[in-house]
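Please examine the model shown below, together with its sequence.

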Amino acid sequence: MTIHAQLPVDILNARIAKIQSLLANTQAQAMLVSTNANLYYTSGRVFSGYAYIPVQGQPQYFVRRPVGLTGDNVHYIGKPEQIADRLSQLGVELPANLGLELDLVAASMADRLMRAFPNVT
């Protein structure tokens with residue numbers, strides 16, 4: 001995994017593995033993070049966008065800004081509703097249960113993100 005991180009890749013891989021291990025102990029098939037602290041923790045970068053972390057496999061990074069950010073699994077989006085469509089195009093099965101940062105994002109944004117994933121309960 002690379003996103004031209006400001007942290008060593010082995011540290012980022014260990015962090016992703018820890019999140020995936022925790023997800024495996026829940027009913028969530030993936031987690032979507034968007035706050036600066038959690039984006040930095042999962043990618044080694046701060047950007048405007050989302051990190052999609054599946055219970056298995058590589059994370060996908062959905063970036064709104066800055067333009068020019070490159071790396072593996074980096075996808076540019078204009079709005080969060082594009083995330084599910086892009087995952088489907090990549091052949092990623094959409095989750096039935098999605099973890100969100102409910103204590104850190106506005107209720108309206110959490111609702112918007114849930115509606116962007118049609119099968120999420």
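What follows begins with the basis of the values and then turns to aromatic pairs, nonpolar cores, a pocket and several individual residues.

The structure is a predicted model, in which local features need pLDDT of at least 70 and side-chain atom pairs count only at pLDDT 80 or more, while totals for chains, interfaces and linings use all residues. Residues are numbered from 1 along each chain as its sequence is written, and side-chain values use heavy atoms, with hydrogens and water left out.

A pair of aromatic rings is described by the distance of the centres and the angle of the planes. Rings of Phe, Tyr and Trp (its six-membered ring) pair if their centres lie within 6.5 Å; planes under 30 degrees apart count as stacked, over 60 as edge-to-face and the rest as tilted. By this rule there are 2 aromatic pairs. One of them joins Phe47 and Tyr61 in an edge-to-face arrangement, with 6.4 Å from centre to centre and 85 degrees between the planes. Phe47 lies in the loop between α2 (36-43) and β2 (48-54) and Tyr61 in strand β3 (residues 60-65), so this pair ties together parts that are 14 residues apart in sequence. Helices (H or I, at least four residues) and strands (E, at least two) are here DSSP runs, numbered from the N terminus. Both Phe47 and Tyr61 are buried; buried means under 20% relative accessible area, exposed over 50%, and partly exposed in between (1.4 Å probe, protein chains only).

Tyr52 and Phe117 also form a pair: their ring centres are 6.3 Å apart and their planes lie at 5 degrees, so the pair is stacked. Because Tyr52 lies in strand β2 and Phe117 in the segment after α4 (107-116), the pair ties together parts that are 65 residues apart in sequence. Both Tyr52 and Phe117 are buried.

Which residues touch the most other members of the largest nonpolar core? They are Leu32, Tyr52, Ile83, Leu98 and Phe117, in a core of 18 residues. A nonpolar core is a set of buried Ala, Val, Leu, Ile, Met, Phe, Trp, Tyr and Cys residues joined through side-chain atoms within 4.5 Å. At least two residues of this core come from each of β1 (30-33), β2, α3 (82-89), β5 (98-100) and α4. Apart from this core lies another, of 13 residues, among them Leu23, Tyr61, Leu69 and Val74.

Contact means heavy atoms within 4.5 Å. Not counting residues up to four places away in sequence, Tyr52 touches residues including Ala30, Leu32, Phe62, Leu87, Val92, Leu98 and Phe117. Ala30 is placed in strand β1 and is buried, with a relative accessible area of 0%.

A pocket is found on a 1 Å grid over the protein atoms alone, as an open set of points where a 1.4 Å probe fits, with protein on both sides within 12 Å along at least five of seven lines; lining residues have an atom within 4 Å of a point. The volume of the largest pocket is about 160 Å³, where grid points are joined across faces, edges and corners and the volume is the space filled by probe spheres set on the points. Its lining divides into 8 nonpolar, 2 polar and 1 charged residues. Ala, Val, Leu, Ile, Met, Phe, Trp, Tyr, Cys and Pro count as nonpolar, Asp, Glu, Lys and Arg as charged, and the others, Gly among them, as polar.

Helix α2 contains Asn36 and Tyr40. Asn36 is partly exposed, with a relative accessible area of 47%, and beyond four places in sequence it touches Val46 and Phe47. Tyr40 is partly exposed at 28% relative accessible area. Leaving aside neighbours within four places in sequence, Tyr40 is in contact with Gln6, Leu7, Leu12, Arg15, Arg45 and Val46. The C-alpha atoms of Tyr40 and Gln6 are 8.9 Å apart, although 34 residues separate the two in sequence.

Finally, a cis peptide bond joins Arg65 and Pro66, with omega about 5 degrees. Pro66 lies in the loop between β3 and β4 (74-76).
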